[in-house]
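Okay everyone, let's get started.

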Amino acid sequence: MNSKDLVNLAAKACDDKRAEDIVILDMENVSLIADYFLICDGSSERQVQAIAREIKEQAEEAGTEVKRMEGFDQARWVLVDLGDVVCHVFHREERNYYNLERLWGDAPLVETEFSHGG
């Protein structure tokens, strides 16, 4: 599975759990960290955990190893590392504070059927 397919799978997983404001940044020419960053948020700790769990489960079902997952217990900012795709699942309050879209503002946005505002 290439990174474009993987980020779309992750976006669908987020959408399945009603994540808000799903944004995909094309990091290929911006950072060596990953090809794509997926950023979304949930309105409660429970929803943030459900979104992160769904990303992990759908990725594993598709044969992708989850490299690591951080922040799951606190559920304020959960990072799901799928290798070429890094997913940032925020609690709504934390997302505004960290504002990764602005931090990585030179990365182009990628449109998908799941990337839409709240």
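**Helices on a sheet**

So, let's begin with H1, which lies across strand S1 (20–26), S2, S5 and S6, and its direction is at about 0° to S2. H2 packs on the sheet too, touching S2, S3, strand S4 (77–81) and S5. The direction of H2 makes about 165° with that of S5. Keep in mind that this is a predicted model.

Now the sheet itself. In what order do the six strands come? Reading across, you get S3-S4-S5-S2-S1-S6, and the sheet is open with mixed pairing. At the edges sit strand S3 (68–70) and strand S6 (109–110), and each of those pairs on one side only.

Let's zoom in on one pair. Strand S2 (residues 36–42) and strand S5 (residues 85–91) run in the parallel sense, with seven bridges between them. If you find Ile39, you'll see it stands opposite His88 in S5.

Back to the helices, then. The axes of H1 (residues 3–16) and H2 (residues 45–61) come within 8 Å of each other, crossing at roughly 140°. That angle makes H1 oblique to H2. As for handedness, the crossing of H1 past H2 is right-handed.

Who's touching whom? On the H1 side, the contact is made by Leu9, Ala10, Lys12, Ala13, Cys14 and Asp16, and on the H2 side by Ile51, Glu54, Ile55, Gln58 and Ala59. Sort the residues of that contact by type and you get seven nonpolar, one polar and three charged.

Conventions:
Residues numbered from 1 in each chain as written. Predicted model: local features only at pLDDT ≥ 70, side-chain atom pairs only at ≥ 80, totals over all residues. Heavy atoms only, no water. Axes fitted to C-alpha atoms, helices over the stretch in contact; angles between N-to-C directions. Helix = DSSP H or I, 4+ residues; strand = E, 2+ residues; numbered from the N terminus. Parallel < 35°, antiparallel > 145°, perpendicular 65-115°, else oblique. Left-handed = near helix turned anticlockwise from the far one by under 90°. Contact = heavy atoms within 4.5 Å. Nonpolar A, V, L, I, M, F, W, Y, C, P; charged D, E, K, R; others polar. Pairing = 2+ DSSP bridges.
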